[in-house]
Amino acid sequence: MQELEKQQNQNLTAAGTHSPQIPISHKGLSSVLEQALQEAPAILLQQGKHEAALDRYRYSLAATESPGVNSVRLKLLCQMAELLLQGFPDENYKVPNITSRDSAWKPKLYSGLNQFTPRNKYEETILVLIVAEAIAVRNAVLSQSPEFKDARHSAYQDAAAVYDLLALATVRWGQVGLLQESLERAMKFSFKEPHLWRQNALSLISKGEHEHALAVLKDVIHLEPNASINCLLAAKLCFEHLNLPPQGTKFSELALRRETIHSSGLLSRCHLYLGLGYQLQAQTVLIKSDKASFNQLALENFQAAVQLEPNDNLSEYYLGLQLAIMGQIMDALHHVQTALNLRPESSSTLHLLALLLSANRQHEEALQIVETALEEYPDCLNLMYVKAHLELHEEGGERALVTAKQMLELWKNLYEGQTISDVPECDRKSDTRSVFQLYTSEMSDKDTSSLQAHSIAASRVEHALSEVASSMSSFSPRPGPQRAWMLLLEIWLLLAELYLALGQPTDVLKCIQEATQIFPLSHHIMHMRGLLHMHKQEWAEAKLCFQNAVAINPQHVKSLQQLGLVYHYLNLQGLAETTLREAAKIDPTNHITWYNLGKVLEALGEYETASN
């Protein structure tokens, strides 16, 4: 093909500039020759000669490009990428050395001083796929005219194969940004093609661009009017990242309607997501009847999910969680234990089981569960956090302090001195849904749930305030994923809480100062400062701290409780009653709120109401 192109160029030159231009007809390879070119490395692979097959691909692709072999070049690039991704042992890999070819290999090869040579298998895989993408984009048919329908579809299929391979390679090695850039380029020739649009949405989610991802998913939902999976992806996005439980519930309802008509085996998941939506909405409303209605709807959907898929540990887990929220601890324990039987290695289920046992006053059993779980997950800070609280209750502050210091050491080993990587699975906020949080004094408090709307909203306010603080002072946010730094913040606040229980205010202040360097305007830090001032009986300073915490997160029950108590000590009984009643509206099942309210009403002389 190179010789043919060379002869055509010579003929064109010989014709001279005074003759009419001779049209060049680019003759392509025959189907037999094209198949032979692809079969050569395939035969070598069948013989177990991986290195020889890889070299054959390299030599074929290093040949300078000629118009007749463009289509087969794209196929060879994809086949070579597949070989590198799934069929080539790392220990057998050798860097390419294209210049040392044998005499039988005749095509002219690309050459030059500044040629890039991959240093390892990963670089070569990405390079091959980027070249393949360049060819696929060049071959794409942008015209939407009916006469180009077949050509447009064929070019799209070739491109989609390249992008799927690129997704496998880039996600495996953490290069999601590169994938997302490539998929953005693909959008111009992917009109009404849901597959690449969905891939684009998933890459945006991986990059943390959640609002953009939701907008893309909405288009995918319209492109595939019968598919429920896209609605579930959108619902998950609303629940986990966007603080949109009502919109996520609507997506879940749409998924359920589609699944009922066009079943794809996701009916149980639709009920599960719908239950999650109602559960989250129940946690955000303040009217008692609305809260009860949402909780009942959540319970019914979780029960439906369990009935449809009785061996699904996730459905059993969430049913147990919902029963716990509704105060049915024994029933919750039954379902959580069922979930554990279905998946004994689940750290989330072990964690919830420990919390339920502690809620049932079975603290020793809960501590045993946590210690057993830590044998399986020694790097799980969430489990260690619960262990510290249980030890504080059962064995005293000194023992709990040892565990908290181990947590600090573990965090340093995992993250310090290196670019912070992903948070371990058992400590991921998105993985732990609405139970596992590390906020101080609140290991099972509902107002800190990771999927709860006001908690996410408060976190956004804190980030905004911290950015303001950084512009006004020398504070600068820590690099890397913020969830990892939040884990460190929570460890320092746990240490502060334990030192406070041991009556060591100086150490408490040091821990608060360390936490402040990470996230200076967190309402949890302000809450802890308030507790320190209460310990010192500095009521005015404590009042200011709790007021600041509530200003950032008006739904923070712990701060409202303590603020009401401070008003009580300052003999501002009217303000104390109003504040505590507000806390009772947010979480009517919290016994501390009702006890403090009783003390305030007693001070006001309303003895019968106080007794109630």
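Here are some worked exercises on this structure, which is a predicted model.

## Exercise 1: Two aromatic pairs

**Task.** Classify the ring pairs Tyr122–Trp173 and Tyr278–Phe294, and work out which parts of the chain they tie together.

**Solution.** 

Step 1. Start with what you need to know. A pair of aromatic rings is described by the distance of the centres and the angle of the planes. Searching the whole structure turns up seven aromatic pairs.

Step 2. Take Tyr122 and Trp173. Their centres sit 4.8 Å apart, with 70° between the planes. Angles over 60 degrees count as edge-to-face, so that's the label for Tyr122 and Trp173.

Step 3. Now place the two residues. Tyr122 belongs to helix H5 (residues 121–139), while Trp173 is in the loop between helix H6 (149–172) and helix H7 (176–186). The partners are 51 residues apart in sequence, so this pair ties together separate parts of the chain.

Step 4. Check the surface. Tyr122 is partly exposed at 37% relative accessibility, and Trp173 is partly exposed too, at 24%.

Step 5. Move on to Tyr278 and Phe294. Here the ring centres are 6.2 Å apart and the planes make an angle of 25°, so the pair is stacked. Tyr278 lies in helix H12 (residues 267–284) and Phe294 in helix H13 (residues 288–308), so the contact ties together parts 16 residues apart in sequence.

Step 6. Check the surface again. Tyr278 has 11% relative accessibility and counts as buried. Phe294, at 19%, is buried as well; the cut-off is under 20%.

## Exercise 2: Sizing up helix H12

**Task.** Compare the span of H12 with the expected value, and decide how covered the helix is.

**Solution.** 

Step 1. H12 has 18 residues, and its first and last C-alpha atoms are 26 Å apart.

Step 2. At 1.5 Å a residue, you'd expect 26 Å, and the model comes close to that.

Step 3. For cover, count buried residues: 15 of the 18 in H12 are buried, which makes the helix mostly covered.

## Exercise 3: Salt bridges, distant and local

**Solution.** 

Step 1. Recall the idea: side chains of opposite charge can pair when their charged atoms come close. The whole structure holds 12 salt bridges.

Step 2. Look at Arg58 and Glu124, whose side chains meet at 2.8 Å, N to O. Arg58 is in helix H3 (residues 50–62) and Glu124 in helix H5, 66 residues apart, so this one links distant parts of the chain. Both Arg58 and Glu124 are buried.

Step 3. Go to helix H18, where Glu391 and Lys387 lie four residues apart, about one turn of the helix. An α-helix has 3.6 residues a turn, so residues three or four places apart point the same way.

Step 4. Check the contact: the side chains of Glu391 and Lys387 meet in a salt bridge of 3.9 Å, N to O. The cut-off is 4 Å.

Step 5. Glu391 is buried at 0% relative accessibility, and Lys387 is buried at 12%. Salt bridges with shared partners join Lys387, Glu391, Glu395 and Arg399 into one network.

Step 6. Glu345 is partly exposed at 37%, and Arg343 is partly exposed at 34%.

## Exercise 4: Asn382

**Task.** Is Asn382 buried or exposed, and how far is its C-alpha atom from that of Met407?

**Solution.** 

Step 1. Find Asn382 in helix H18 (residues 381–394).

Step 2. Its relative accessibility is 0%, so Asn382 counts as buried.

Step 3. Asn382 and Met407 are 25 residues apart along the chain, and their C-alpha atoms are separated by 9.5 Å.

## Exercise 5: The largest nonpolar core

**Task.** Which residues touch the most other members of the largest nonpolar core, and which helix gives the largest share?

**Solution.** 

Step 1. In soluble globular proteins, nonpolar side chains tend to be buried together. The largest nonpolar core here has 154 residues.

Step 2. Tyr163, Leu356, Trp411, Leu489, Trp492 and Leu495 touch the most other members.

Step 3. Helix H21 (residues 482–501) supplies the largest share, 15 residues.

Step 4. At least three residues of this core come from each of domain 1 (397–416 + 480–514) and domain 2 (432–478 + 521–611).

Conventions
Residues are numbered from 1 along each chain as its sequence is written. This is a predicted model: local features need pLDDT of at least 70, side-chain atom pairs count only at pLDDT 80 or more; totals for chains, interfaces and linings use all residues. Side-chain values use heavy atoms; hydrogens and water are left out. Rings of Phe, Tyr and Trp (its six-membered ring) pair if their centres lie within 6.5 Å; planes under 30 degrees apart count as stacked, over 60 as edge-to-face and the rest as tilted. Helices (H or I, at least four residues) and strands (E, at least two) are DSSP runs, numbered from the N terminus. Buried means under 20% relative accessible area, exposed over 50%, partly exposed in between (1.4 Å probe, protein chains only). The expected span of a helix is 1.5 Å times one less than its number of residues. A nonpolar core is a set of buried Ala, Val, Leu, Ile, Met, Phe, Trp, Tyr and Cys residues joined through side-chain atoms within 4.5 Å. Domain bounds come from an automatic or database domain assignment.
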